[in-house]
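Let's take a walk through a protein structure, one part at a time. Keep the picture open while you read.

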There are 2 protein chains.
Amino acid sequence: MDSGAVILDLNQLRRSCASCSLHELCLPAGIYGDDLKQLDTAIRDKRALERGSSLYRDGDAFKALYVVRSGSLKTFVQNEAGDLQILAFHLPGEILGFDALASNRHVSQAEALEHSGICELPYDRLMQVSNDVPALHRQLMRVISREMVAEHRHLVMMGRQPAQERLAIFLQNLADRYSRLNRSDTSLTLSMSRHDIANYLGLAVETVSRLFTRMQETGVLEVNRKSVRILRPDLLAELCNTQHPAHLKRHDHD
Amino acid sequence: MDSGAVILDLNQLRRSCASCSLHELCLPAGIYGDDLKQLDTAIRDKRALERGSSLYRDGDAFKALYVVRSGSLKTFVQNEAGDLQILAFHLPGEILGFDALASNRHVSQAEALEHSGICELPYDRLMQVSNDVPALHRQLMRVISREMVAEHRHLVMMGRQPAQERLAIFLQNLADRYSRLNRSDTSLTLSMSRHDIANYLGLAVETVSRLFTRMQETGVLEVNRKSVRILRPDLLAELCNTQHPAHLKRHDHD
DNA sequence: GCATCCAATTGACCGAAATCAACTGCTGCC
DNA sequence: GGCAGCAGTTGATTTCGGTCAATTGGATGC
């Protein structure tokens, strides 16, 4: 209400990249000194996003890339027939919006899974800065490439893995990313619904629910609604790689 | 054998971007005049690739991006457990190798499906040129983004679509790309095996075979080994979008 | 505090596609 | 020319995960 609150909010949001705790995980990785200061000028802060509200939608004009500063989001596409596919869940430090580079329109939607803070990187500013800072361009490409590689993993999972492995891989991947954020990698708080998990994994909600139960019964997890504790990381790792049918494996290559 | 043959071969391969028939579909799209000449200096020609031989493999150091000039390739990943997933089939004008930008190593393999010609774009030269030609950077990002969007479509297919739709979508997509190359979009010559198609679609070979038979029986296709004629494009389009279960559709978004 | 609503779980049943198996027919090689 | 070997097809059977249905239980609101 009063201007004090506004200033406080701005202080919280307006922080330079150099002092941001996500520094090493975010776009600035590998960019230093004056270059980093210049990058700072390209970053516009963005108000917080409430759970369920959208950062961008399918068809929106491309204006900026976005970095998750806090909270989490999901991105998804919908085809003409209306089927919805979740592409990814995004944790702090991760960059969204690359889908729009091709056509200057977003072809997916990004929605907050919880109260989240976002840094906005207006694309034209970013391009201006990267004229002076060649490293920025390379870093941007690296980040996109990283995202492509992650998508490849998703694709392998969807094409080849049975249900239990999918969930195991999903949980392990989340745990890995949590630990990179210096959070516990054995005690996860899932910000997405079972429905979202199921959709992301290409499974039915019921299957995901049953798998959670089964993994709890076998002592791998302790599940309590959104909170998942990994009791046996070793067993979870095993579940990620059980043997499956031969025809899916490498054929004659090599 | 004689030097005449060598010169002919070089003539065929060493052609500037400006005169290349793939011009408008390839990296040079949107780059003109002197900029295009400069881009030309970054392009090293590459010998032809025989069917079954690899352009790069998992673990290879990243040196260059590659453009398919003629023929076709498949790219695939293999996880630790050995399951292989084909990521894409690449037709003339398409660019490969972006997966290596993230880590400076390829994390996938590219293999020729038939005798193919390749343009090599050494990455350091490309970066040098793009310092002078800002449009090149943007174009590169656009191309990567386009690839990401294509991967999203693949992901929707894998996660949500039943078998017949997958094959229909695959064929229609191929037909579209053929027509952009000014080839017939009703008469396809599949350079990949049934095995490859099945793997790409996340299905068993037998399922793919049965689907081809069924689509022939219903008069949609005329199939003869590698050659597929689309008799009823309208029916094929319908098959791409039949109705499926409600839980996969959009939930409350909007 | 209680009613409503929706997320999540659990159970029973079903079906699409995988697996297993047999066979056909190219293709290439001696 | 004939045979080996593999790609592809076809059929029978199984199975994993989806669908349908009922129930639980945590939140939210009055």
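## A salt bridge across the chain

A salt bridge is a side-chain nitrogen of Lys or Arg within 4 Å of a carboxyl oxygen of Asp or Glu. With that in hand, look at B:D196 and B:K74: they form a salt bridge, and their closest N and O atoms are 3.0 Å apart. B:D196 lies in helix α6 of chain B while B:K74 sits in strand β4 of chain B, so this pair ties together parts that are 122 residues apart in sequence. Are the two residues buried or exposed? Both B:D196 and B:K74 are buried.

One thing to keep in mind as you go: this is a predicted model.

## Salt bridges in chain A

Over all chains, the rule gives a count of 10 salt bridges. One of them is in chain A, where A:K37 pairs up with A:D34, with 3.7 Å between the closest N and O atoms. Why are these two about one helical turn apart? They are 3 residues apart in helix α2 (residues 33–42) of chain A, and that spacing is why about one helical turn separates them. A:K37 is exposed, and A:D34 is exposed too.

Another salt bridge links A:R232 and A:D234, whose closest N and O atoms are 2.9 Å apart. For exposure, remember the cut-offs: buried means under 20% relative accessible area, and exposed means over 50%. A:R232 comes out at 37% relative accessibility, so it counts as partly exposed. A:D234 has 41%, so it counts as partly exposed as well.

## Chain A as a whole

Now zoom out. Chain A is built with 8 helices and 11 strands. It has 254 residues, and buried ones make up 52% of them. What about contacts along the chain? Take the contacts in chain A between residues at least 6 apart in sequence: 70% of these join residues at least 24 apart.

## Where the two chains meet

Between chain B and chain A the salt bridge count is 0. Polar contacts do turn up, though: the rule finds 17 residue pairs across this interface, both residues being at pLDDT 80 or more.

## A strand on the inside

Last stop: strand β3 (residues 64–70) of chain B. Here 6 of the 7 residues are buried, so the strand is largely enclosed by the rest of the structure.

What does β3(B) pair with? Strand β8 (residues 116–122) of chain B runs antiparallel to β3(B), and 6 bridges join the two. In this pairing, B:L65 stands opposite B:L121 in β8(B). β3(B) also pairs in the antiparallel sense with strand β6 (residues 95–96) of chain B, this time over 2 bridges. There, B:V67 stands opposite B:I95 in β6(B). As you look at strands, keep a general point in mind: in a regular strand the side chains alternate between the two faces of the sheet.

Conventions: Residues numbered from 1 in each chain as written. Chains lettered and ligands numbered in written order. Heavy atoms only, no water. Polar contact = N/O pair within 3.5 Å; in protein donor to acceptor, adjacent residues only side chain to side chain. Buried < 20%, exposed > 50% of the residue type's maximum accessible area, 1.4 Å probe, protein only. Helix = DSSP H or I, 4+ residues; strand = E, 2+ residues; numbered from the N terminus. Pairing = 2+ DSSP bridges. Contact = heavy atoms within 4.5 Å.
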